[in-house]
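I opened this entry to record what I looked up about aromatic rings and their surroundings. The notes follow the order in which I consulted the model.

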Amino acid sequence: KLDKAEQMIKRVIQRYPNNPTYLDTYGWVLYKKGNIKKAKEYIEKAYQGSKNAEIIMHLGEIYERLGDFSKARALYKEALEHVQDDPKLKTQLERRLKRLPHD
């Protein structure tokens, strides 16, 4: 259902082109579809000035997938600083940090 999700979120982005949540959602759909380069573009835009731990984590996941482990590590640590009342997200970030190879 990723194609349908992409169509829907594209329409939302056209209406709200600077909303970080919508940009992240669109970027994440692209990521799931394997379009890493375009996903990175949208999630980086969502990340600008964001304090949302999930958006920051998504950007970290992109960098991890691209093999930039030091950037991914920095983003996961930043996301941890912004986790609020979400123990599941905190645990997920801690696991991601532990599994990253060291540069």
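**Aromatic rings: notebook entries**

I began with Tyr 31, which counts as buried because its relative accessibility is 13%, below the 20% cut-off. I note that the model is a predicted one.

I then looked up what lies over the face of Tyr 31, and found Arg 65 at 5.4 Å from the ring centre.

Next I asked how many aromatic pairs the structure holds. I counted three aromatic pairs, and I examined two of them in detail.

I located Tyr 26 in helix α2 (residues 20–32) and Tyr 42 in helix α3 (residues 36–47). The two residues are 16 apart, and I recorded that their pair links distant parts of the chain. I checked burial as well: Tyr 26 and Tyr 42 are both buried.

I returned to Tyr 31 for its pairing with Trp 28. The ring centres of Trp 28 and Tyr 31 are 4.3 Å apart and the planes meet at 15°, so I classed this pair as stacked. I placed both residues in helix α2, three residues apart, or about one turn of the helix.

Finally, I looked up Tyr 63. I found the charged end of Lys 71 over the ring of Tyr 63, at 5.7 Å from its centre.

Conventions:
Residues are numbered from 1 along each chain as its sequence is written. This is a predicted model: local features need pLDDT of at least 70, side-chain atom pairs count only at pLDDT 80 or more; totals for chains, interfaces and linings use all residues. Side-chain values use heavy atoms; hydrogens and water are left out. Rings of Phe, Tyr and Trp (its six-membered ring) pair if their centres lie within 6.5 Å; planes under 30 degrees apart count as stacked, over 60 as edge-to-face and the rest as tilted. Helices (H or I, at least four residues) and strands (E, at least two) are DSSP runs, numbered from the N terminus. Buried means under 20% relative accessible area, exposed over 50%, partly exposed in between (1.4 Å probe, protein chains only). A charge sits over a ring if NZ of Lys or CZ of Arg is within 6 Å of the ring centre and within 35 degrees of the ring normal.
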